[in-house]
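Please find below my note on the structure, arranged as numbered points. It can be read alongside the sequence and the coordinates.

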2 protein chains.
Amino acid sequence: MLGRPAATLLHLGPGLANGLANLHNARRARSPIVNIVGDHATYHKRFDAPLESDIDALARTVSAWARRPSRPGDVGLDTADAVAAARSGGGQVATLILPADVSWGKEGAVAAPRHCRPPARVADEVVAEVAGALSGEEPAVLLLGGPALREPALVAASRIGAATGARVLTETFTARIERGAGRPAFDKLGYFAEGAEAQLAGTRHLVLAGAASPVAFFAYPGRPSDLVPADCQVHLLAGPSEDVLGALVAVCERVAPGAASGAGREGPTPGRPAGAGGFSAGPISAEGIGAVVGASLPEGSVLVDEAITAGVGLAAGTVGAPPHDWLGHTGGAIGQGLPVATGAAVACPERRVVCVEADGSAMYTIQALWTQAREGLDVTTIVVSNRAYGILQIEMHRVDADPPGPAAAALLDLDRPTIDVVALARGFGVPAVSVTTLEELDAALRRSLTEPGPALIEAVMPGR
Amino acid sequence: MLGRPAATLLHLGPGLANGLANLHNARRARSPIVNIVGDHATYHKRFDAPLESDIDALARTVSAWARRPSRPGDVGLDTADAVAAARSGGGQVATLILPADVSWGKEGAVAAPRHCRPPARVADEVVAEVAGALSGEEPAVLLLGGPALREPALVAASRIGAATGARVLTETFTARIERGAGRPAFDKLGYFAEGAEAQLAGTRHLVLAGAASPVAFFAYPGRPSDLVPADCQVHLLAGPSEDVLGALVAVCERVAPGAASGAGREGPTPGRPAGAGGFSAGPISAEGIGAVVGASLPEGSVLVDEAITAGVGLAAGTVGAPPHDWLGHTGGAIGQGLPVATGAAVACPERRVVCVEADGSAMYTIQALWTQAREGLDVTTIVVSNRAYGILQIEMHRVDADPPGPAAAALLDLDRPTIDVVALARGFGVPAVSVTTLEELDAALRRSLTEPGPALIEAVMPGR
């Protein structure tokens, strides 16, 4: 949230292991993180004590940089390197494995911060090639990801689209988008491969701006993994560690001279969502949740989305809400929403965080609620209870598996017994209510926004 | 519990990561486990989809055996190999990484189980050497671990001790001990290094039977890691993958011919614990919890211990209870108790499981309660709330750190807000009560033992 590294403190291999799933997400999100993993004293490792394990191997699976200082005098410099590594490459995970004796030694010294090189400037030839591709006769798509999802880059992309006729799309999975009323909004590439294929059908030039070339989330029998049409040329404008904004502005200057630096915002400026007209009353629904959230989301808030199947209405419902940040999922390891909401609130105590969370995913890291209570964080969590791993039910169908038997089907259910999310929240010290209608959700959400500290609202889907 | 492998089903790298801390414990416990980790289709991996990660590296940190079949026709044979690997070496973790297309392919075939070689017989020369060391004039200790903690081996060890005058001790961290009235009981080596050093002081011969040579759990400034006295000779009678029982019986036959096969149990036979006389009334205390549990623990039950600092009275309180299994902690990754209790109850539906769990550790894997409710498992969980990571408060003191400031001290507390463990249990569908006296604990424990399905009792320490 602040553009500088977060830090974690983890206890040997098992402590790191407990953090790995969300560090995987952080790696995919290019979140700058410095992990400090305490290890046994250097001379103790050979004794294979109970907690001994291969921390280095674990660390390498998520870290772009990992180091194990062996002398107290090195710790300051190694820490400065870790911070610099986390800030490099568009945001990376850096892991400092710190033996106990190196930590408790007295010869340490604080090191000066390391300078980080700014993102690399994209060459003029690349800009010219992309401008040509987007301006030509053939259908072109500009795909935005990473730093291209901040407002200045979105404005440049919008003007490029207006000037060239190229379509602008955003990646399926995005760590952070600056969005809301007055900010350009673009369709995102669909999650299901057949939807994304339809969106890209006929495209002859695909320009990647901070985005990866689109691939299917999973493989499915008889369907392609690579979602780029066969006769489409892929142009890399800027990778996530390059100056994506500068590159987009440069392209904009070529295709619409003066537009990038022009005053005023010209992107689409949606009004309030249509929720009031159709979706804000009656039983809980995915579309209704989006409309209700969009109707009261405060300006400058942070919207965290791990609603999975219950979140399909969230983007449409909130696109015209006051300007806000949207924090999404980039790694696919569920259980991210509550920790990310917690981290965002720690980083930005002056901003309200609203986290829309699926019940199945919430159960992975429900303990984060206690941290929210302990730190008095202004987080409103909406847990949408459909009492199932709905996405897995869909995915099982999509791989053409035989209809699941009772044992397999039971793996994807969340009933028997029903989980009382309100009781869990209160157990962790977070005030909570359960609602079954959109009107109740709206009232509970608005109330939580006026009260300091965390709150949880369970929104129960009909028939659950 | 059953002497055959358990199986897990985990979803790509993050799913494996979520299981790693307890797989670390399983590795240390020599629990035979076959992990089946689903991965992307073979042809999908090169696209670096969001969930792509280095599963193989993660798997190797806990697995003695790992394999990734590449064709459906290999899966049956590879699975048979995985099961055989899990059963080998005294119990191992085996991980089968199963790509989606290999899994959904139609050419698979079931393979016949592989024969596993029995544990290796210990050579006569080793038996003779150990018998000599234990029978000699010099002080000797027989240290038991792993399979030497089952009743027949304990009986042999007891008779060896009686015949030779050697002291018999058990390892500090033990996966499973068969214990209770009528079974030989031995002191365990202390957790704190200075205690263990005192126990071993003067020992000239240390015989390892299924045990590792004792080392300190952590290194401490100015204290040794190796707990074996300088002038003590270490004799390896049998490692955990050798025939420890056979070796102990062979030693017994040498030092006390006929004793090992003699009828009747001759080990110490403690009566009921002294709890009724001193510790079974009044405020919750570690000693009182042990006495209360010992007073009603059913014959054939399974006692799971992750009580950490609150468990120091558990061994003494239950040593004379009816015969039972004690499942302890061997890997040091906290959050083991609830999952291990769950697994034991799944394996042994006819046996009651009583899990004594510290509140701090319970929070790592509190979700296991829902599984207990869902499966209707006969598990009584006693969560001892001291509202602190008590062991970490002790360990911080022991490394001679400066007195912790408010921020460091807060990391080791579990209050602000108090966690309502009863609300959490009920939220997951497990009936629960909170008690503050040993009488209430006794009544709640006895009640839970008569009712099918899981129950949770929070035992709150005084002043918390």
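This is a predicted model: local features need pLDDT of at least 70, side-chain atom pairs count only at pLDDT 80 or more; totals for chains, interfaces and linings use all residues.

1. Domains of chain A. The domain assignment divides chain A into domain 1 (6-104), domain 2 (124-255) and domain 3 (275-460). Between domain 2 of chain A and domain 3 of chain A, the C-alpha centres are 29 Å apart. Their contact draws on 16 residues from domain 2 of chain A and 17 residues from domain 3 of chain A. On the side belonging to domain 2 of chain A, nine residues are nonpolar, three polar and four charged.

2. Relation of the two chains. How is chain A laid on chain B? A turn of 180° with a shift of 0.0 Å along the axis does it, at an RMSD of 0.0 Å. The two copies are therefore related as by a two-fold rotation axis. Within chain A, Leu424(A) has the C-alpha nearest that axis, at 2.4 Å. Both copies use the same surface, since 100% of the contact residues of chain A recur in chain B.

3. Contact between the chains. Chain A and chain B each contribute 54 residues to the contact. On the side of chain A, at least two residues come from each of helix H1 (12-29), helix H2 (55-60), helix H4 (100-104), helix H14 (368-375) and helix H17 (421-427). Which of the helices gives the most to this side? H1(A) does, with eight residues. By class, the side of chain A that touches chain B holds 31 nonpolar, 14 polar and nine charged residues.

4. A parallel sheet in chain B. Five strands of chain B make up an open sheet with parallel pairing, in the order S8-S6-S5-S9-S10. Strand S8 (187-188) and strand S10 (233-238) of chain B are at the edges; each has a single partner strand, so one side of each has no neighbour in the sheet. Leu169(B) is found opposite Asp187(B) in S8(B).

5. Helices H10 and H18 in chain A. Two packed helices are described by the angle between their axes and the distance between the axes. For helix H10 (residues 286-296) and helix H18 (residues 438-450) of chain A, the angle is about 35° and the axes are 10 Å apart. The crossing of H10(A) and H18(A) is right-handed.

6. Helices H10 and H18 in chain B. The axes of helix H10 (residues 286-296) and helix H18 (residues 438-450) of chain B come within 10 Å and cross at roughly 35°. What is the hand of the crossing of H10(B) and H18(B)? This crossing is right-handed. Among the contact residues are Gly288(B) and Ser296(B) of H10(B), and Asp442(B) and Arg446(B) of H18(B). The contact of H10(B) with H18(B) divides by class into eight nonpolar, two polar and two charged residues.

Methods: Residues are numbered from 1 along each chain as its sequence is written. Chains are lettered from A and ligands numbered from 1 in the order in which they are written. Domain bounds come from an automatic or database domain assignment. Two residues are in contact if their C-beta atoms, placed from the backbone, lie within 7 Å. Ala, Val, Leu, Ile, Met, Phe, Trp, Tyr, Cys and Pro count as nonpolar, Asp, Glu, Lys and Arg as charged, and the others, Gly among them, as polar. Helices (H or I, at least four residues) and strands (E, at least two) are DSSP runs, numbered from the N terminus. Axes are lines fitted to C-alpha atoms, for helices over the stretch in contact, and angles run from 0 to 180 degrees between N-to-C directions. A crossing is left-handed if the near helix is turned anticlockwise from the far one by less than a right angle, and right-handed if clockwise. Copies are superposed by least squares on the C-alpha atoms of residues with pLDDT of at least 70 in both. Two strands pair if DSSP finds at least two bridges between them.
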